[in-house]
Amino acid sequence: LNFFLAIAHLLAMVSLEKVFQIYGINKEMDMLAQLHPSLPYIITIVVALVFFVFGLYALSADGRIRKLPLLKLAVFGIAAVFLLRSVLGIIEMVFTNTSFSLELTNTLGAFFIGFLYLWGGIKKWNIIKKQA
């Protein structure tokens, strides 16, 4: 899922202004673009790279690639990031006039991914403890 999100962010660069408008962050990105025109693009690339790294940690925790540094901390940290994003999404839906359907989709997606990291991490490290 994180690799999908990374690719989606890179594909969005084709029409970044339209995507920013859909997500309601066009004013903020316009302000950043006034500082330097490439900032919105750089931020989008950095976000894509973060999702890519999150995906690598998921593969590492599953044993599909070599063990990455701070694996346990990273898995639970990534879970916390996504779960916090879902809580903030709920708060935003309650207290602001954002697009409810779009925010609900993003909030549920963040919760689902965060739950998968949390559940997978608990499952993995409970198994390790039983074997030791």
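## Burial of the aromatic residues

A residue counts as buried when its relative accessible area is under 20%, and as partly exposed between that value and 50%. In this predicted model, W125 has a relative accessibility of 12% and is therefore buried. F82, at 6%, is buried, and F51, at 14%, is buried too. F76 reaches 26% and so counts as partly exposed.

## Aromatic pairs

There are eight aromatic pairs in the model. One of them joins F51 and F82 in a stacked arrangement, with 6.2 Å from centre to centre and 25 degrees between the planes. Because F51 belongs to helix α4 and F82 to helix α5, this pair ties together parts that are 31 residues apart in sequence. Ring pairs also link F51 and F82 with F54 and Y117 in a cluster.

F76 and W125 form a tilted pair, with centres 5.8 Å apart and 45 degrees between the planes. F76 lies in helix α5 and W125 in helix α6, so the contact ties together parts that are 49 residues apart in sequence. The face of W125 also has K124 over it, at 5.8 Å from the ring centre.

## Helix α4

The 23 residues of α4 should span 33 Å at 1.5 Å a residue, and the end C-alpha atoms are 33 Å apart, so the two values agree. Just after α4, G63 has a positive phi of about 80 degrees.

## Largest pocket

The largest pocket has a volume of about 1,200 Å³. Its lining consists of 35 residues, and H9, Y23, F51, R85 and N106 lie nearest the centre. Two or more lining residues come from each of α1 (2-12), α2 (16-23), α4 (39-61), α5 (71-95) and α6 (100-131). Of these elements, α6 gives the most, with eight residues. Sorted by class, the lining holds 23 nonpolar, nine polar and three charged residues.

## Second largest pocket

The second largest pocket contains about 490 Å³ of space. It is lined by 20 residues, of which A58, L59, D62, L116 and G120 lie nearest its centre. At least two lining residues come from each of α1, α4 and α6. The largest share is that of α6, which supplies 10 residues. The lining of this pocket divides into 12 nonpolar, four polar and four charged residues.

Note on methods. Residues numbered from 1 in each chain as written. Predicted model: local features only at pLDDT ≥ 70, side-chain atom pairs only at ≥ 80, totals over all residues. Heavy atoms only, no water. 1 Å grid on protein atoms, 1.4 Å probe; cavity = no way out; pocket = protein on both sides within 12 Å on 5 of 7 lines; lining within 4 Å. Points joined across faces, edges and corners; volume = space filled by probe spheres on them. Helix = DSSP H or I, 4+ residues; strand = E, 2+ residues; numbered from the N terminus. Nonpolar A, V, L, I, M, F, W, Y, C, P; charged D, E, K, R; others polar. Expected span 1.5 Å × (residues − 1). Phe/Tyr/Trp six-rings, centres within 6.5 Å; stacked < 30°, edge-to-face > 60°. Buried < 20%, exposed > 50% of the residue type's maximum accessible area, 1.4 Å probe, protein only. Lys NZ or Arg CZ within 6 Å of the ring centre and 35° of its normal.
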